[in-house]
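Let's walk through this model together, from the overall fold down to the space inside. Have the sequence and the coordinates open as you read.

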Amino acid sequence: MEGMPLPIPRTVEEVYGDFKGRRAGLIKALTTDVEKFYQQCDPEKENLCLYGLPNETWEVNLPVEEVPPELPEPALGINFARDGMQEKDWLSLVAVHSDSWLLAVAFYFGARFGFGKNERKRLFQLINDLPSVFEVVSGNGKQSKEQSATHNNGSKSKSSGKTQSRQLESHSKGVKMSPPPKEDEDSGEDEEEEEDDEQGATCGACGDNYGNDEFWICCDVCERWFHGKCVKITPAKAEHIKQYKCPSCSNKRARV
């Protein structure tokens, strides 16, 4: 992200002002500028991030190259999941990650400049008085927390019902997909434990839980599981991958 260096917020009011500016930029990207944002998130491009800027603007860009970064980084590779889910669900997913990033940046400044308990509490109260980016994007900003929770659960169930079938027959040697059955005497117990592990797993990209009717793939570096649709890997493509690296691990390798 290039341009004139921005002043670093040091007080609760300044950090809150920075938060509001970045939040306004993100909301603009996901609502009024959504067509432009959608076009910029081309799945054929490298890992992309959505940045909200303090001056109420936004940009889609590659992650910074410095390690560790000067500020916490937003979710990596949002473009890879764009065509694998409904646009509304994808925008909601980006909004949730944007909320997490906004809090991370705000409390990074708080930690950096030694905010005490009372200052952190005051900062959180100011932030909490605003609807989250997700609430604005999904239209839940004026609903109660109970109504929002019900809506979110309903959206999740609806989304999982549209996923493609997971093909369990795949026998790719280098890529971890659904674990093959074991033939020894303890196979019953081992399969049961493996099944429990999978059912408790969540996708490293979208955060949804494991489903038996979905195609999943495991990163051989970080060993996290992903929906094939979220990382743009099909069962046919997985057959030709000897060692799979998720977008995050691939990006880390490129930086070294």
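This is a predicted model: local features need pLDDT of at least 70, side-chain atom pairs count only at pLDDT 80 or more; totals for chains, interfaces and linings use all residues.

Residues are numbered from 1 along each chain as its sequence is written, and side-chain values use heavy atoms, with hydrogens and water left out.

The protein chain holds nine helices and four strands, taken as DSSP runs numbered from the N terminus (helices: H or I, at least four residues; strands: E, at least two). Followed along the sequence, their order is α-α-β-β-α-α-α-α-α-β-β-α-α. Among contacts (heavy atoms within 4.5 Å) with a separation of 6 or more, 64% join residues 24 or more positions apart.

Of the chain's 256 residues, 38% are buried, that is, under 20% relative accessible area with a 1.4 Å probe, protein chains only. The accessible surface (Shrake-Rupley, 1.4 Å probe) is about 15,300 Å², with 48% of it belonging to carbon and sulfur atoms.

What about the interior? A cavity is a set of points on a 1 Å grid over the protein atoms alone where a 1.4 Å probe fits but cannot get out, and its volume is the space filled by probe spheres set on the points, which are joined across faces, edges and corners. One cavity reaches 30 Å³ or more, and the largest cavity has about 40 Å³ of space. Its lining residues (an atom within 4 Å of a point) are Leu50, Pro74, Ala75, Ile78, Val94, His97 and Ser98. Helix H3 (residues 87-112) contributes the most to this lining, with three residues. By class, the lining has five nonpolar, two polar and no charged residues; here Ala, Val, Leu, Ile, Met, Phe, Trp, Tyr, Cys and Pro are nonpolar, Asp, Glu, Lys and Arg charged, and the others, Gly among them, polar.

Notes
On a 1 Å grid over the protein atoms alone, a cavity is a set of points where a 1.4 Å probe fits but cannot get out, and a pocket is an open set with protein on both sides within 12 Å along at least five of seven lines; lining residues have an atom within 4 Å of a point. Buried means under 20% relative accessible area, exposed over 50%, partly exposed in between (1.4 Å probe, protein chains only).
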